[in-house]
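Here is a short tour of one protein model, written for someone who likes angles and cut-offs spelled out. Please keep the viewer open while you read.

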Amino acid sequence: MIKYSFIIPVKEINDYIQETVAAILKISRDDYEIIIYPDVATSDVWLKTRQIATGHVGPAQKRSLAINDAASEILVFVDDDAYPQADFLDKLDDDFSSAEVVAVGGPAITPASDGFWQKVSGAVFLSKLSGGFPERYAAVGVKHFVDDWPSVNLSVRKTDFSAVGGFDSVYWPGEDTKLCIDLIKKAKGKILYDPALICFHHRRDGFFRHLKQIGNYGLHRGFFVKKFPQTSLKLKYFFPGFFLLFVLVGALFSLYSPFFLKLYILGWLVYVLILVKALLEISKYEKNWSILLNSLYYIFFTHIFYGIRFIQGLIFTRDLKSKLR
């Protein structure tokens, strides 16, 4: 009997998904299947795996097809550039033992095989002061309930997923925000965070790819503050925008007032202390000092670029149309 279905949306079959399928197949159990949703199916064949062509649609629409295609009780959503640890399903067995749990999320950790600049990008997410949610990128703390979780490592009971209409969203990234709201409000369930439910997730390679990803996060979160205030109207999401205003407005005022110049310098000193604190937090998980030092300017530009795009989404975007992969 099939208990778990790994659901993997992808634009086209690539090297990453070859790695993902190989990693899943190392799980020595017979109660799971793998469903891959490429735009166009190929002749590639793997054990326990089906390819189902979707045409050019977004990840949210692809994942929602699992309502009809999956044979399991529980849908395991992973990205095409992510793969689970070998004990993944054993952890889920325990996590779903409580009926009130409708979904479970775990961290998406940067793989050891990633290159230097991918690890620098991943390091940015390992502090509350830079990425905001280190528990999403490292095994942090203990099990607890959350109200929002990324679909790169998110498992959901199929009955509840079907009851809320799947992802019911055209957004990407951010499609998981709407699903999590529906699971809590409509399905009356709880979403469990399990730090031991490990998935490995390749990061963006290079500075500009990192900023592009950050910009998409910022744009969608700014728009979601208006669209989904239940989980997106949080002060922490506004801080990069506040920092951006401090940099620009503070520089302007300090040109004309010695008093504001002193305040501006004081503000920068505080920001330097924030960077040092972030570095210390990241160093709990990343021991390579070259990666740590390079992450410092990544964090600065992450704050700036997220702030720009957050304000764009919050103030200047009336109808957000996500760009698909």
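Predicted model: local features only at pLDDT ≥ 70, side-chain atom pairs only at ≥ 80, totals over all residues.

Residues are numbered from 1 along each chain as its sequence is written, and side-chain values use heavy atoms, with hydrogens and water left out.

**The sheet**

Let us start with the strands, which, like the helices, are DSSP runs numbered from the N terminus (helices are H or I with at least four residues, strands E with at least two). Eight strands form an open sheet with mixed pairing, in the order 3-2-1-4-9-6-10-8; two strands pair if DSSP finds at least two bridges between them. Strand 3 (49-51) and strand 8 (144-146) are the edge strands, each pairing on one side only. On average, neighbouring strands are turned by 25 degrees against each other, direction ignored.

Isoleucine 35, for example, has arginine 50 in strand 3 as its bridge partner.

Helix 1 (residues 15-24) touches strand 1 (4-9), strand 2 and strand 3, and its direction makes about 170 degrees with that of strand 2. Helix 7 (residues 175-185) touches strand 6 (101-105), strand 8, strand 9 (153-157) and strand 10 (190-193), at about 35 degrees to the direction of strand 9.

Two packed helices are described by the angle between their axes and the distance between the axes. Axes here are lines fitted to C-alpha atoms, for helices over the stretch in contact, and angles run from 0 to 180 degrees between N-to-C directions.

| Pair | Angle | Axes |
|---|---|---|
| Helix 5 (116-124) and helix 12 (289-316) | roughly 60 degrees | within 8 Å |
| Helix 11 (258-282) and helix 12 | about 135 degrees | 10 Å apart |

The angle in the table makes helix 11 oblique to helix 12; angles under 35 degrees count as roughly parallel, over 145 as roughly antiparallel, 65 to 115 as roughly perpendicular and the rest as oblique. Among the residues that meet here are Trp268 and Tyr271 in helix 11 and Trp289 and Phe300 in helix 12. By class, this contact has 11 nonpolar, two polar and no charged residues; Ala, Val, Leu, Ile, Met, Phe, Trp, Tyr, Cys and Pro count as nonpolar, Asp, Glu, Lys and Arg as charged, and the others, Gly among them, as polar.

What covers the buried residues of helix 5? The cover includes helix 1, helix 8 (207-227), helix 11 and helix 12. Those buried residues are Gln118, Val120, Ser121, Gly122, Ala123 and Val124; buried means under 20% relative accessible area, exposed over 50%, and partly exposed in between (1.4 Å probe, protein chains only).

**Two positive phi values**

Most residues other than glycine have a negative phi. Lysine 48, though not a glycine, has a positive phi of about 60 degrees. Lysine 48 lies in the loop between strand 2 and strand 3 and counts as partly exposed, at 36% relative accessibility.

Lysine 188 also has a positive phi, near 55 degrees. Its place is in the loop between helix 7 and strand 10, and lysine 188 is exposed, with a relative accessible area of 68%.

How values were computed:
Contact = heavy atoms within 4.5 Å.
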